[in-house]
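Q: I am new to this structure and would like to learn how to read its features one by one. Could you take me through it slowly?

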Amino acid sequence: MLMSVAAIVLGLAVLVWSADRFVDGASATARYAGMPPLLIGMVIVGFGTSAPEIVVSVISSLEGNPGLALGNAYGSNIANIGLILGITALISPIAVHSQVLRKELPILLLITLLSLSLLWNGWLGRTDAIILLVVFVLLMAWSIRQGLRDGNDSMATDQEKELEDNTMSLKLALFWLIAGLVLLIISSRFLVWGAVNVAQAFGVSDLIIGLTIVAIGTSLPELASSIAAIRKNEHDLALGNVIGSNLFNTLAVVGLAGVIHPLEVAPEVISRDFVVMIALTLSLFVLGFGLKGRQGRINRLEGACLLAVYVAYSGWLASNVINA
């Protein structure tokens, strides 16, 4: 048991650290390749901060632990909005200026509903997973087009500031790009092994472990990057990290896991986890998009409400475990 707990702690620590190194290396490499700042923020950083969820879910699916794969993806989405944006808004209210983000908010809501419709029958087959991946590719193509067209967007300015702070040489960038990815895979393997062992020892489903410990751990890169962005007054990056990560999780993470191994969806995923995820996504749409002429903004009170929802949801999960 001690070995399993140690594997979880060490795996999460290395996972978070290597994800950060991977993002830095990938962003610097993309900059040397001449990629526009907005695309680096939306595609490279979005993929990089979701790399932990992708690797953990793929390994979980390969090893026949579908609950861990789904729990990791949807638990991370819930943590991204409730925990991460809640904490970030408490530190400093988040103002939304980027037109790109305002376009992505309704897309995130629609994709969440699409995912629900595919999982409604309690099964995610390979056809369903392929649909998610095709939508993901189309979305990436649209994002690239938007990025090239809206090069002067406020999010591009924020990302350009971030890139200016990263003075990494090309040689070092390539090293961390490769080394970060290798460490991501190794640490994810330790994490999955430890999480499954702990779940079996305590009689807890791997879904619950995925929704809690693993989801929070794999969401730490988004938390770190969002807090760093808000402290630099880069509000659009803080929100963009979360939106991009949730899009990646819902489409790419679940899609890849389902293609590798069709997933049986537990009833509580629909009746409990999706209800919370959709409610948080809808609230993010209302707050971030802004209605009746109001600029998109998440103030401290609204951030506290998001955080309260996450705490209540975590308590709900804990009560299910205690009463099981």
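**A polar contact and its surroundings**

A: In this predicted model, the side chains of Ser 57 and Asn 72 are joined by a polar contact of 3.1 Å. A polar contact is a pair of N or O atoms within 3.5 Å, where, within protein, one must be able to donate a hydrogen and the other to accept it, and residues adjacent in sequence count only if both atoms are side-chain atoms.

Q: Before we go on, what kind of model is this, and how are residues numbered?

A: This is a predicted model, in which local features need pLDDT of at least 70 and side-chain atom pairs count only at pLDDT 80 or more, while totals for chains, interfaces and linings use all residues. Residues are numbered from 1 along each chain as its sequence is written, and side-chain values use heavy atoms, with hydrogens and water left out.

Q: Is Ser 57 buried or exposed?

A: Buried means under 20% relative accessible area, exposed over 50%, and partly exposed in between (1.4 Å probe, protein chains only). Ser 57, which is found in helix α2 (residues 37-62), has a relative accessible area of 0% and is therefore buried. Helices (H or I, at least four residues) and strands (E, at least two) are DSSP runs, numbered from the N terminus.

Q: Which residues is Ser 57 in contact with, leaving aside its neighbours within four places in sequence?

A: Contact means heavy atoms within 4.5 Å, and on that basis Ser 57 is in contact with Ala 69, Asn 72, Ala 73, Val 253 and Ala 257. Ser 57 and Leu 256 are 199 residues apart in sequence, yet their C-alpha atoms are 8.2 Å apart in space.

Q: Where is Glu 53, and what does it contact?

A: Glu 53 also has its place in helix α2 and is buried, with a relative accessible area of 0%. Leaving aside neighbours within four places in sequence, its contacts include Asn 72, Ser 76, Glu 222 and Val 253.

Q: How do I read two helices that pack together, such as α3 and α11?

A: Two packed helices are described by the angle between their axes and the distance between the axes. Axes are lines fitted to C-alpha atoms, for helices over the stretch in contact, and angles run from 0 to 180 degrees between N-to-C directions. Here the axes of α3 (residues 66-91) and α11 (residues 300-323) come within 7 Å and cross at roughly 145°.

Q: What share of the protein is buried?

A: Buried residues make up 57% of the 324 residues, in a protein that has 11 helices and 4 strands.
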